[in-house]
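Please look over the sequence and the structure below before reading on.

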Amino acid sequence: MTVLGSTGRPGERRPGKIIAVHTGYASRAAEQGRRPANPSYFLKPSSSVADSGGHVERPAGTAHLTCEGEIALVIGATARRVRPEEAWAHVAWVSAADDLGITDLRDQDHGSHLRAKGGDGFTPLGPGLIDAGAVDPAALRVRTWVNGALAQQDTTAGLLFPLERLVADLSQHLTLDPGDVILTGTPAGSRELAPGDVVEVEVDAPTAPGTPTSGRLRTTVVAGHIPFDAGLGALPAPVTPRPALTPELRDRLARIPVAGLSAQLRRRGLDHVSIDGPRPLAPGSRIVGTARTLRFVPHREDLFAAHGGGYNAQKRAFDAVAPGDVLVIEARGEPAAGTLGDILALRAQARGAAGIVTDGAVRDADAVAALGIPVYATARHPAVLGRRHVPWDHDLTIACGGATVQPGDVIVADTDGVVVIPPALAEEVADAALAQEDEDAWIAEQVRAGHPVEGLFPMNAAWRARYTERRSHP
């Protein structure tokens, strides 16, 4: 393995220390809803270092592996109690890093992140080094791609604490040796990863001559198969897999009216699964897919200043949708500002989304309807979201149109409305609804033939026997 040696250049020794900043960027602080007054740090073991082009294992029994693209500083000269104006001279190289972590284990070692972020391969570095003396530390950029789509982007102008301050602050507490690595924090947009996902991180200096770059640090996620030993220490809560919405199940649900699905859900005690209010922008729209969620909170000027600009939660959610997903938006039924427009609807369509449901308004409504992606909304309004909303967070449990929606829930919509189906019930509800559709079609035939509905709808014993006989001898 080519890693950073004691000289700060590629060599055969691992870094002596890897020190990571908890919260480094203003965008990340806004995303988390808290802004630290001073930097804080945690350590990562040198055994977590990995090269570009390798694999990282999502451990068996966990479900939430996240990527965090970061600028890595490699110390070149011993630093002890240096002043900020001297600090950059002690940095030899700049490179890219991915501070990977398992959020399932975050609470087991709160603050230290040892188990959450210390696993083998959880600190990919490289692939190239940028000469720190040739770049302005205030003009570096970090970008992260997941499966080719840009997930994170920021520059050191967006740091809460300048890079020189981090070096100087750490040096007043401990000696920084040549080859030590400082991970300087991640911007907004950290993503959860699944086996098969590919993450790339690049650091460059866009305004420097020749645009020095680290190159793209590439890591592929693989599934782990060796479980943790429950008798040795704290473990993550068991992962309950959600049943997949298979193509076959998706096709069956697409043939069932929402009214029929609603009736079957009610028979199973679920009477609060209708998303009330949203109507299709285009006649004949139909949606079948799995929920991804986005939440807006009521507008507040200071919060919008922190959360509303740049690559905010709204834009991140639209960038994150995958083929077959339905983006469901909580907007509190507010009709007086748009929650999406034609550009974001086009982005969802390009990502393969099955549709969009919002209990708020849509702007550019005619253009959105013309795109062809099914969109259900409560209202149309020309104003941008900042008139009424702050984009807050995504991929969490939300309330939309009076219904609770969780990521992974099955969403089905037609002209009658939108229903939410718990994934574990989707197969059962589809089978029962199709059987009911067959029964209703037979009843309709009898009504057309002139039979009265009394005793037929619903069927009494005599009619039930005739229907059963017909099914036995089609």
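Contact here means heavy atoms within 4.5 Å, while helices (H or I, at least four residues) and strands (E, at least two) are DSSP runs numbered from the N terminus. This is a predicted model, in which local features need pLDDT of at least 70 and side-chain atom pairs count only at pLDDT 80 or more, whereas totals for chains, interfaces and linings use all residues. Residues are numbered from 1 along each chain as its sequence is written, and side-chain values use heavy atoms, with hydrogens and water left out.

**Helix 4**
- Seven of the nine residues of helix 4 (163–171) are buried, where buried means under 20% relative accessible area, exposed over 50% and partly exposed in between (1.4 Å probe, protein chains only).
- The elements that cover these buried residues include strand 3 (18–21), strand 8 (69–75) and strand 15 (181–183).

**Nonpolar cores**
- A nonpolar core is a set of buried Ala, Val, Leu, Ile, Met, Phe, Trp, Tyr and Cys residues joined through side-chain atoms within 4.5 Å.
- The largest such core has 47 residues, and those touching the most other members include Leu-65, Trp-88 and Val-94.
- Helix 4 gives the largest share of this core, five residues.
- Apart from this core lies another of 33 residues, among them Ile-256 and Ile-398.

**Glu-428**
- Glu-428, which lies in helix 11 (residues 426–448), is partly exposed, with a relative accessible area of 40%.
- The side chain of Glu-428 makes a polar contact with that of Arg-268 at 2.6 Å; such a contact is a pair of N or O atoms within 3.5 Å, and within protein one must be able to donate a hydrogen and the other to accept it, while residues adjacent in sequence count only if both atoms are side-chain atoms.
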